[in-house]
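I opened this model to look up its charged pairs, one of its strands and its overall build. My notes follow in the order I took them.

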Amino acid sequence: MKKLVALVCSLVLLVSGMALFAGCGADNSQDWEEIKEKGTLVVGCTIFKPITYQEGEEWKGFDVEVAQAVGEKLGVDVDFQIIDWNNKVIELNAKTVDCLWNGMTITDELEEQTSVTVPYMKNQQVVITQKANESVYTTKESLKDARVVAESGSAGAAFGREYSDHFTTAPSQLDIFTNLMSGAADVGILDSVLAGYYLTEDAYQGLTMIDVGFEEEEYGIAFRKGSPVKDLVNDALKELYADGTITAIAEKYGLENELIPIE
């Protein structure tokens with residue numbers, strides 16, 4: 001039985017690995033033709049206020065409105081599909097989605113595996129914890145013995161693994177707050193954009209945000225390696241920034257100070 005379980009696990013890892021790297025050598029030059037034919041750009045995302053979220057059946061958020069404006073320029077509809085963020089590149093290469101657009105930090109690994117647009121917003125990973133602990137967790141080094149939680153597959157997860165001996169993952173950034181409020185974790189690491197938004201809500205007034213010195217990050221949009229859609233979206237973003245559309249959307253969500261000029 002143990003041998004059978006081991007074999008199944010090995011096969012799962014093999015298939016996942018093949019899907020992950022399939023995009024590296026694949027010919028994705030027809031991506032735009034395929035998207036035009038179906039008339040829809042499918043965006044892979046998670047729930048991430050104020051970037052991408054739902055109110056009832058309606059999608060809202062900064063990235064949502066910018067994606068819709070880009071879709072209008074390109075002449076296609078935009079659909080949003082919630083995915084397991086830990087498997088985001090696998091989902092992209094499997095063509096479950098056409099792009100990853102969800103307040104996503106640009107990393108060297110991401111640029112090796114996908115084609116990434118120009119950056120459009122700055123961000124930083126921050127610590128959130130109970131206000132009673134705000135004098136305890138003030139540096140990256142102070143996280144060593146803390147029970148730290150971050151979203152699986154996120155930039156915060158990389159820092160959690162590096163600095164904490166008691167690190168666990170959560171399915172989404174919002175689940176980090178649940179872990180902290182229940183006492184299951186001491187510290188959460190997540191995007192300052194999301195943390196600042198949620199800490200204004202009454203339910204989380206017992207929590208505080210701390211800058212422990214993680215470096216500044218930039219958000220980008222990922223397409224399959226070599227996909228021509230990246231350049232089309234870059235051009236659309238430049239036009240939308242130049243005519244003030246992106247700034248107006250950012251102001252609606254209180255994110256105008258985080259924008260990166262797109263020129």
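**Salt bridges**

I counted salt bridges first, and the total came to twelve. The model is a predicted one.

I started with Asp 31. Asp 31 forms a salt bridge with Lys 95, and the closest N and O atoms are 3.9 Å apart. This pair links distant parts of the chain, 64 residues apart. Asp 31 sits in helix α2 (residues 31-38), while Lys 95 lies in the loop between α4 (88-93) and β5 (99-105).

Buried or exposed: which is Asp 31? I found 2% relative accessibility, so Asp 31 counts as buried. Lys 95 came out at 38%, which makes it partly exposed.

I then checked Lys 95 against Glu 34. Their side chains meet in a salt bridge, at 3.0 Å from N to O. This pair also links distant parts of the chain: Lys 95 in the loop between α4 and β5, and Glu 34 in helix α2, 61 residues apart. Glu 34 is partly exposed, with a relative accessible area of 37%.

Which residues belong to the network of salt bridges? I listed Asp 31, Glu 34, Lys 38, Lys 95, Asp 98 and Arg 224 as linked.

I also looked at a pair within helix α2. Glu 33 and Lys 36 lie three residues apart there, about one turn of the helix. Their side chains form a salt bridge, with N and O 3.7 Å apart. Glu 33 has a relative accessible area of 40% and is partly exposed. Lys 36 is partly exposed as well, at 42%.

**Lys 60**

I moved to Lys 60, which I placed in strand β3 (residues 58-60). Its relative accessibility is 24%, so Lys 60 counts as partly exposed; the buried class ends under 20%.

What does Lys 60 touch, leaving out residues up to four places away in sequence? I noted Ile 51, Thr 52, Tyr 53, Glu 55 and Tyr 253. With Glu 55 there is a polar contact, side chain to side chain, at 2.8 Å. I also took the C-alpha separation from Lys 60 to Thr 208: it is 26 Å, for residues 148 apart along the chain.

**Strand β7**

Why call strand β7 (residues 121-130) largely enclosed by the rest of the structure? I found eight of its ten residues buried, so the description holds.

I went through its partners next. β7 pairs with strand β10 (residues 187-191) in the antiparallel sense, over five bridges. There, Val 127 has Ile 189 as its bridge partner. Strand β11 (residues 207-210) is also antiparallel to β7, with four bridges. Ile 128 stands opposite Met 209 in β11. Strand β12 (residues 216-224) runs antiparallel to β7 too, and four bridges join them. Asn 123 has Glu 217 in β12 as its bridge partner.

**The whole protein**

I finished with the overall figures. The secondary structure comes to ten helices and twelve strands. The radius of gyration is 19 Å, close to the 18 Å that the globule rule gives for 263 residues, so the protein is as compact as a globular protein of that length. The C-alpha trace spans about 60 × 55 × 35 Å along its principal axes.

Buried residues make up 48% of the 263. I took contacts between residues at least 6 apart in sequence, and 71% of them join residues at least 24 apart. The protein exposes about 12,500 Å², of which carbon and sulfur atoms supply 50%.

How values were computed
Residues are numbered from 1 along each chain as its sequence is written. This is a predicted model: local features need pLDDT of at least 70, side-chain atom pairs count only at pLDDT 80 or more; totals for chains, interfaces and linings use all residues. Side-chain values use heavy atoms; hydrogens and water are left out. Buried means under 20% relative accessible area, exposed over 50%, partly exposed in between (1.4 Å probe, protein chains only). Helices (H or I, at least four residues) and strands (E, at least two) are DSSP runs, numbered from the N terminus. Two strands pair if DSSP finds at least two bridges between them. Contact means heavy atoms within 4.5 Å. A polar contact is a pair of N or O atoms within 3.5 Å; within protein, one must be able to donate a hydrogen and the other to accept it, and residues adjacent in sequence count only if both atoms are side-chain atoms. The radius of gyration is taken over C-alpha atoms; the globule rule is 2.2 Å times the number of residues to the power 0.38. Accessible areas come from the Shrake-Rupley method with a 1.4 Å probe; for residues, only the protein chains shown count as cover. A salt bridge is a side-chain nitrogen of Lys or Arg within 4 Å of a carboxyl oxygen of Asp or Glu.
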